Amino acid sequence: MSVKENYKLDIPAEKLPKHVAIIMDGNGRWAEHRSLPRFSGHRAGVEALRSILQMSGELGIQSLTLFAFSSENWRRPKKEVGLLMDLFMNALGREVKKLHETGVRLRVIGDLSAFPAKLQQRIKESMRLTEGNIGLQVNIAANYGGKWDITQATQKIAELVSNGEIDSDDITEDLLNDHLSMSDQPEPDLFIRTGGEQRISNFLIWQLAYSELYFTRVLWPDFDRDEYAKAITSFAMRQRRFGRTGAQVLESDQREHA
Ligand code: IPE
Ligand code: IPE
Ligand code: MG
């Protein structure tokens with residue numbers, strides 16, 4: 001085992017994020033830097049994911065949400081979109097059984113109706129196969145957009161109002177939250193974006209309201225266990241105040257540990 005694979009994070013469990021959300025960006029540039037077609041970068045990106053999934057499981061992280069294809073990514077050249085669909089299809093076919101064996105519970109979030117029927121079928125089968133698992137929850141955001149998520153939640157709530165099941169006064173933050181894609185999971189504590197851009201790109205806009213943001217220039221295919229450890233260490237050193245003062249947070253931490 002290499003030193004890298006052996007990396008041990010010395011962080012107390014209560015300082016670890018429960019939910020990590022990642023924008024896996026930089027595949028195309030990784031390939032371009034090597035004079036390879038962009039698609040090779042996407043393939044290398046799937047490989048990089050393997051160790052991040054493994055390490056998330058080892059650390060006991062509850063949920064890992066991965067941005068695989070945004071609602072805006074349809075704007076890419078047809079050929080790249082097609083290759084990405086094939087890659088998704090093949091990766092699901094190849095990896096799901098292995099993930100199932102390690103106790104991973106898989107969910108794909110996003111507007112799946114736009115995908116080819118075969119891919120939709122494979123997604124459903126993968127989710128059904130793993131739904132009883134109690135290990136790491138992996139959410140793959142595919143044809144996902146934060147604005148889409150809030151819109152679909154609003155539509156469901158509008159239906160409840162028009163059926164007379166609730167009044168408009170009953171619409172609260174909690175109710176809207178309950179209709180979003182990952183309402184059964186804690187909101188992401190840590191958001192990671194690789195590839196150097198410092199933007200959200202219509203990922204989880206509601207759920208990231210109080211997440212700690214971590215940006216790195218490392219391109220996704222190069223994001224390994226050490227890089228992940230750096231992100232988690234950065235998270236563990238931050239004081240999450242949620243509106244309170246630093247002194248208040250310290251005081252309540254001390255009370256909890258007394
Ligand atoms: C992220 O890598 C993967 C997807 C959007 C599917 P990119 O393909 O955006 O890589 P860059 O940003 O062009 O380097
Ligand atoms: C965001 O990456 C989506 C995914 C990583 C899947 P993009 O590379 O498409 O984001 P923008 O458009 O450059 O912000
Ligand atoms: Mg990009």
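**Aspartate 25 at ligand 2: a side-chain N or O atom lies 3.1 Å from an oxygen atom of the ligand.** The model is predicted, so local features are given only at pLDDT of at least 70 and side-chain atom pairs only at pLDDT 80 or more, while totals for chains, interfaces and linings use all residues. Residues are numbered from 1 along each chain as its sequence is written, chains are lettered from A and ligands numbered from 1 in the order in which they are written, and side-chain values use heavy atoms, without hydrogens and water. Accessible areas come from the Shrake-Rupley method with a 1.4 Å probe; for residues, only the protein chains shown count as cover.

**The shell around ligand 2 draws its largest share from strand β2.** A residue belongs to the shell if one of its heavy atoms lies within 4 Å of the ligand. The shell consists of Ile23, Met24, Asp25, Phe67, Ala68, Phe69, Ser70, Asn73, Arg76, Arg193, Arg199 and Ser201. Strand β2 (residues 63-70) supplies 4 residues. Helices (H or I, at least four residues) and strands (E, at least two) are DSSP runs, numbered from the N terminus. By class there are 5 nonpolar, 3 polar and 4 charged residues. Ala, Val, Leu, Ile, Met, Phe, Trp, Tyr, Cys and Pro count as nonpolar, Asp, Glu, Lys and Arg as charged, and the others, Gly among them, as polar.

**Ligand 1 has polar contacts with aspartate 25, asparagine 27 and arginine 76.** A side-chain N or O atom of aspartate 25 is 2.9 Å from a ligand oxygen. Asparagine 27 uses a backbone N or O atom, at 3.1 Å. A polar side-chain atom of arginine 76 is 2.7 Å away from an oxygen of ligand 1. On its own, ligand 1 has 380 Å² of accessible area, and the protein covers 86% of it. Its shell holds Met24, Asp25, Gly26, Asn27, Gly28, Arg29, Arg38, His42, Ala68, Asn73, Arg76 and Leu84. The most come from α1, with 3. The classes are 3 nonpolar, 5 polar and 4 charged.

**Phenylalanine 69 and tryptophan 74 form an edge-to-face pair.** The structure holds 12 aromatic pairs. In this one, the ring centres are 5.0 Å apart and the planes stand at 75°. Rings of Phe, Tyr and Trp (its six-membered ring) pair if their centres lie within 6.5 Å; planes under 30 degrees apart are stacked, over 60 edge-to-face, and the rest tilted. Phenylalanine 69 is buried at 5% relative accessible area. Tryptophan 74 is partly exposed at 33%. Buried means under 20%, exposed over 50%, and partly exposed in between (1.4 Å probe, protein chains only).

**Phenylalanine 191 and phenylalanine 215 pair edge-to-face.** Their ring centres lie 5.7 Å apart, with planes at 70°. The pair joins distant parts of the chain, 24 residues apart: phenylalanine 191 sits in strand β5 (residues 190-193) and phenylalanine 215 in strand β6 (residues 212-215). Phenylalanine 191 is buried, at 0% relative accessibility. Phenylalanine 215 is partly exposed, at 28%. Ring pairs connect Phe67, Tyr144, Trp148, Phe191, Phe203 and Phe215 into a cluster.

**Methionine 127 lies in helix α4 (residues 117-130).** This residue is partly exposed, at 21% relative accessible area. Neighbours within four places in sequence aside, methionine 127 touches Leu106, Arg107 and Val108. Contact here means heavy atoms within 4.5 Å. The C-alpha atom of methionine 127 is 9.2 Å from that of valine 96, 31 residues away along the chain.

**Asparagine 143 and serine 201 have positive phi without being glycine.** Phi of asparagine 143 is about 45°. Asparagine 143 belongs to strand β4 (residues 137-144) and is buried, at 6% relative accessibility. Phi of serine 201 is near 50°. Serine 201 sits in the loop between β5 and β6 and is partly exposed, at 29%.

Terms used. Polar contact = N/O pair within 3.5 Å; in protein donor to acceptor, adjacent residues only side chain to side chain.
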